[in-house]
Amino acid sequence: MLYRSDRVGYPEGAELLEPLKIDATATSRVYATCCNTAMLMRFDDARHWVCVYRSRFHDAAPAVEFRICTKYKPVGVDLANDVPAYAMYPPTLLLRLVKSRLAMLFAPRAAAVGP
């Protein structure tokens, strides 16, 4: 799930979270050191969103609207046809991302929380 980076915080357990660089790219996985569980992916570049693992929300997770970046799925993996799938980013998502970036520019700044 994609969330604005300014809306992701850790109400408890932030001291147990550590970023792990995947490779030389701008991507880090934030994982819980207590159980070695990945929690989210953060970008070190100009992206203003984080990818949160949907399963961390259990029953409170919102419904899946579409799948993105499916061109990177492993060979032989078949995706369900329950929602639209896009090889990269669909225009509707790009529009949402632009709107969220503008909202962040004009929103009052909150104290940063977490890694």
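**Figure 1. Aromatic pairs in the predicted model.** The structure, a predicted model, holds 4 aromatic pairs, where rings of Phe, Tyr and Trp (its six-membered ring) pair if their centres lie within 6.5 Å, and where planes under 30 degrees apart count as stacked, over 60 as edge-to-face and the rest as tilted. The rings of phenylalanine 43 and tryptophan 49 have planes at 65° and centres 6.2 Å apart, so this pair is edge-to-face. Phenylalanine 43 is buried, with a relative accessible area of 12%, and tryptophan 49 likewise counts as buried, at 12% relative accessibility; buried means under 20% relative accessible area, exposed over 50%, and partly exposed in between (1.4 Å probe, protein chains only).

**Figure 2. The pair of phenylalanine 66 and tyrosine 86.** Phenylalanine 66 and tyrosine 86 form an edge-to-face aromatic pair, with 6.0 Å from centre to centre and 90° between the planes. Both residues lie in the loop between β5 (49–52) and α1 (91–106), so the pair ties together parts that are 20 residues apart in sequence. Tyrosine 86 is partly exposed, and its relative accessible area is 31%.

**Figure 3. Surroundings of phenylalanine 43.** Ring pairs link Phe43 with Trp49 and Tyr89 into a cluster. Arginine 47 lies over the face of phenylalanine 43, at 4.3 Å from the ring centre; a charge sits over a ring if NZ of Lys or CZ of Arg is within 6 Å of the ring centre and within 35 degrees of the ring normal.

**Figure 4. Arginine 56 and its partners.** Arginine 56 lies in the loop between β5 and α1 and, at 32% relative accessibility, counts as partly exposed. Leaving aside neighbours within four places in sequence, arginine 56 is in contact with Thr37, Ala38 and Met39, contact meaning heavy atoms within 4.5 Å. Arginine 56 and methionine 39 are 17 residues apart in sequence, while their C-alpha atoms are 7.0 Å apart in space.

**Figure 5. Methionine 88 and its partners.** Methionine 88 is also found in the loop between β5 and α1, where it is partly exposed, with a relative accessible area of 30%. Not counting residues up to four places away in sequence, methionine 88 touches Ile68, Cys69, Lys71 and Tyr72. The C-alpha atoms of methionine 88 and cysteine 69 are separated by 4.1 Å, although the two residues are 19 apart along the chain.

**Figure 6. The whole chain as context for the close-up views.** The chain has 1 helix and 5 strands, which follow the pattern β-β-β-β-β-α when read along the sequence; helices (H or I, at least four residues) and strands (E, at least two) are DSSP runs, numbered from the N terminus. Buried residues make up 23% of the 115 residues in the chain. Among contacts between residues at least 6 apart in sequence, 35% join residues at least 24 apart. The C-alpha atoms fill a box of roughly 40 × 40 × 35 Å, taken along the principal axes.

**Notes on the views.** Residues are numbered from 1 along each chain as its sequence is written, and side-chain values use heavy atoms, with hydrogens and water left out. In this predicted model, local features need pLDDT of at least 70 and side-chain atom pairs count only at pLDDT 80 or more, whereas totals for chains, interfaces and linings use all residues.
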